[in-house]
Amino acid sequence: MKVAYVFAHPRAASYKLGRMILPQLEAGTHGVEVVGMFFFDDNTFVLRRGDPIGERLAQVAADKGMLLMMCDMCALERGLAAGEPRWCDAAGMGRAEPGECHVVDTVAGVQVGCFPDLYAALAGNMPDQVITL
């Protein structure tokens, strides 16, 4: 079975990913194929360059071809991206064109985007289930 994780709740990445899921992925005992992970709010901080969880996760993701993506607005607010939100109208200005956003000071392989970007990125390796933590 293929799964994608969405880290939406407080400490989901630092605790559930860092203490449970990542060790199982590293040991090859997780039991499913993880095709992607999407990070919201402060969960994005584990993807900062130098973060021990993020560095380990980046290695696993590279080895397994796993998508790592963080919410563009969340990343922009936390200094982990630069530019403008891609699909959301953060300023309420009625923007019709998507903005351009890129990661800043993250571990290797991280992407930044919104739901349309996530769906497009997973389209070639669609999960059977999406699990929100």
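1. A word on terms before we look at this predicted model: two strands are counted as paired if DSSP finds at least two bridges between them. The strands concerned are β2 (residues 33–39) and β3 (residues 67–71); they run parallel and are joined by four bridges.

2. Stepping back to the sheet, you will find five strands in an open arrangement, ordered β6-β3-β2-β1-β7 and paired in parallel. The edges are taken by β6 (110–113) and β7 (129–132); each has a single partner strand, so one side of each lacks a neighbour in the sheet. On average, neighbouring strands here are turned by 25 degrees against each other, direction ignored.

3. Do have a look at helix α4 (residues 115–122), which packs on this sheet and touches β1 (2–7), β2, β3 and β6. Its direction makes about 175 degrees with that of β3.

4. For the chain as a whole, there are four helices and seven strands. Read from the N terminus, the elements follow the pattern β-α-β-α-β-α-β-β-β-α-β. Among contacts between residues at least 6 apart in sequence, 71% join residues at least 24 apart.

5. On overall dimensions, a compact globule of 133 residues would have a radius of gyration near 14 Å, and the chain agrees with this because its own value is 14 Å. The C-alpha trace spans about 50 × 30 × 25 Å along its principal axes.

6. Finally, the surface: 42% of the 133 residues count as buried. The accessible surface comes to about 6900 Å², with 53% of it belonging to carbon and sulfur atoms.

Technical notes: Residues are numbered from 1 along each chain as its sequence is written. This is a predicted model: local features need pLDDT of at least 70, side-chain atom pairs count only at pLDDT 80 or more; totals for chains, interfaces and linings use all residues. Side-chain values use heavy atoms; hydrogens and water are left out. Helices (H or I, at least four residues) and strands (E, at least two) are DSSP runs, numbered from the N terminus. Axes are lines fitted to C-alpha atoms, for helices over the stretch in contact, and angles run from 0 to 180 degrees between N-to-C directions. Contact means heavy atoms within 4.5 Å. The radius of gyration is taken over C-alpha atoms; the globule rule is 2.2 Å times the number of residues to the power 0.38. Buried means under 20% relative accessible area, exposed over 50%, partly exposed in between (1.4 Å probe, protein chains only). Accessible areas come from the Shrake-Rupley method with a 1.4 Å probe; for residues, only the protein chains shown count as cover.
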